[in-house]
Amino acid sequence: IRDSGNEVVCLNKKGQELTLNQVFEEMKLSAYDLTVDMLDVHADRNTFHRFDKFNAKYNPIGESRLREVFLKTDNYVGGKYFAEIIKEVAADLEESKYQNAELRLSVYGKSADEWEKLAKWAHNFQVYSDNIRWLVQMPRLYDVYRSNKLITNFQQLIDNLFLPLFEATNNPEAHPELHCFLKQLVGFDSVDDESKPEHPVFDREVPTPEQWTDEENPPYAYYVYYVYANMCVLNQFRKSRGMNTFVFRP
């Protein structure tokens, strides 16, 4: 706020540009008011298995707008502040030598260019470090994207998640940034509110992904099966080309 207060960081509901100073003025806060306690982003044990509660904890001062400005890779400032935070953490880890971190980023599967954007962010800000590896989490939000008409069936979600990875493995020269990012990636996770009751019934009547056009979210087992199946093929393909492979840790 002191150094970059006049930088435009987001748009308001009317589509007008807001500077960092204006964002904090709207919240009636100044740089001097901020404390670690006030930020309140400590995820305690009440957040386990409840990704919605876990997510809410990552809104600094309970403000989703601050999460958008400071903790996203794809925002109005191109993820600059988020990269600065990560580089600071990486510098501390490198200095202590024997500490490593496995950091998480989300890939949602709602559009085909998410992986390329993420890789471009990582490349532009050089958030790579020998002490850091990345794990990508895939939120199970098919029903949200389907109701907003971003996708028409479950197969599109799977394609958006995995096709870019197959293409980068097949032709690294055409996707240099993504190829580089995948070297730092260790695996995948599948996340959602795990307290929801589900009644998964698997029989011949269960539609395949291209036929799953329902607005209802597929059950956890359905997600996990198709993510795992695609990962198995991807890992065999990468192994045959002498590249690193991934683990699945839902």
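Tucked into helix 10, the residues Tyr222, Tyr223, Val224, Tyr226, Val227, Asn230, Met231, Leu234, Asn235 and Arg238 are buried (under 20% relative accessible area with a 1.4 Å probe, protein chains only; over 50% is exposed, in between is partly exposed). Helices here are DSSP runs of H or I with at least four residues, strands are runs of E with at least two, and both are numbered from the N terminus. The model is a predicted one, where local features need pLDDT of at least 70 and side-chain atom pairs count only at pLDDT 80 or more, while totals for chains, interfaces and linings use all residues. Residues are numbered from 1 along each chain as its sequence is written, and side-chain values use heavy atoms, with hydrogens and water left out.

Helix 10 has 21 residues and reaches 30 Å from its first C-alpha to its last, close to the expected 30 Å (1.5 Å times one less than the number of residues). The cover over its buried residues includes strand 4, helix 7, helix 8, helix 9, strand 5 and strand 6. After the helix comes glycine 242, with a positive phi near 75°.

Now for the core. The largest nonpolar core holds 44 residues, and Trp115, Trp121, Trp134, Phe154, Phe162, Phe181 and Phe188 have the most contacts inside it. Such a core is a set of buried Ala, Val, Leu, Ile, Met, Phe, Trp, Tyr and Cys residues joined through side-chain atoms within 4.5 Å. Helix 8 gives the most to this core, with eight residues. Setting aside neighbours within four places in sequence, tryptophan 134 is in contact (heavy atoms within 4.5 Å) with residues including Ile86, Leu103, Trp121, Phe181 and Val186.

As for the sheet, four strands form an open one in the order 3-4-5-6, with parallel pairing; two strands pair if DSSP finds at least two bridges between them. Strand 3 (101–106) and strand 6 (247–248) sit at the edges with a single partner strand each, so one side of each has no neighbour in the sheet. Strands 3 and 4 pair in the parallel sense over six bridges, and glutamate 102 has arginine 133 in strand 4 as its bridge partner.
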